[in-house]
Amino acid sequence: LVDFASGLIHWAEDTFGNETTPIIGNWIIKPNVLHHRDAHAFVKNSCLKSSWDLLLLGTLTLLAAYFLGYLTWHIWLFIIIGVNANQIHKYNHMPIAKLPKVVAISQKLLIVQSSFHHAIHHSGEKNTRYCVITPILNPFLDSFGFWRAMECLFVPIFGKSNRLALGI
């Protein structure tokens with residue numbers, strides 16, 4: 001579920017945002033565009049700089065779950081993995097020799113996404129493989145045209161896709 005959520009957020013950033021979008025343009029979309037133009041620029045950021053937005057969203061989700069009486073281990077797990085989605089994503093842009101051993105092993109065991117799997121997102125039209133945590137959902141969602149269907153549904157509501165205008 002958290003991998004699917006990461007894909008939805010990534011898809012929305014790539015599809016509808018631009019650097020002048022109020023509030024999120026400079027803070028979220030601009031680094032995302034830079035990441036697509038220079039995939040290694042992302043690796044230079046600290047964990048906090050890369051994940052502050054996910055940490056904020058995770059904290060708000062945690063508080064909401066607590067006050068609504070739904071704070072379970074499932075929510076904790078979702079938040080812990082979700083807050084680290086960008087860090088997991090960053091590992092896909094690092095040389096294998098620089099990966100922590102646990103990450104390299106997790107990639108080999110197909111628990112988390114590998115550089116090879118993620119590289120397809122950065123090739124061609126950059127409109128596939130939006131989920132950034134595991135290699136499980138992307139082939140399934142891409143083969144059924146899920147992201148194009150989402151665009152057919154939401155472009156009439158939110159306007160033209162910005163992917164090509166952003167050069168990503």
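**Close-up views of a predicted model**

**View 1. Surroundings of Q107.** Leaving aside residues up to four places away in sequence, Q107 touches Y91, N92, L99, V112, Q113, S114 and S115. The model shown here is predicted. Q107 is found in helix α6, which covers residues 101–108. Its relative accessibility is 8%, so Q107 counts as buried.

**View 2. Crossing of helices α1 and α9.** The axes of α1 (residues 2–16) and α9 (residues 146–158) come within 11 Å. They cross at roughly 50°, and the two helices are therefore oblique to each other. The crossing is right-handed. On the α1 side, the contact is made by F4, G7, L8, W11, T15 and F16. On the α9 side, F146, W147, R148, M150, E151, F154, V155 and F158 take part. By class, the contact has 10 nonpolar, two polar and two charged residues.

**View 3. Salt bridge between R148 and E151.** This is one of two salt bridges in the structure. The closest N and O atoms of R148 and E151 are 2.9 Å apart. Both residues lie in helix α9, three residues apart, about one turn of the helix. R148 has 30% relative accessibility and counts as partly exposed. E151 is buried, with a relative accessible area of 13%.

**View 4. Salt bridge between R37 and E19.** Here the closest N and O atoms are 3.9 Å apart. R37 lies in helix α2 (residues 24–37) and E19 in the loop between α1 and α2, so the pair ties together parts 18 residues apart in sequence. R37 counts as exposed, at 53% relative accessibility. E19 is partly exposed, with a relative accessible area of 33%.

Key. Residues are numbered from 1 along each chain as its sequence is written. This is a predicted model: local features need pLDDT of at least 70, side-chain atom pairs count only at pLDDT 80 or more; totals for chains, interfaces and linings use all residues. Side-chain values use heavy atoms; hydrogens and water are left out. Axes are lines fitted to C-alpha atoms, for helices over the stretch in contact, and angles run from 0 to 180 degrees between N-to-C directions. Helices (H or I, at least four residues) and strands (E, at least two) are DSSP runs, numbered from the N terminus. Angles under 35 degrees count as roughly parallel, over 145 as roughly antiparallel, 65 to 115 as roughly perpendicular and the rest as oblique. A crossing is left-handed if the near helix is turned anticlockwise from the far one by less than a right angle, and right-handed if clockwise. Contact means heavy atoms within 4.5 Å. Ala, Val, Leu, Ile, Met, Phe, Trp, Tyr, Cys and Pro count as nonpolar, Asp, Glu, Lys and Arg as charged, and the others, Gly among them, as polar. Buried means under 20% relative accessible area, exposed over 50%, partly exposed in between (1.4 Å probe, protein chains only). A salt bridge is a side-chain nitrogen of Lys or Arg within 4 Å of a carboxyl oxygen of Asp or Glu.
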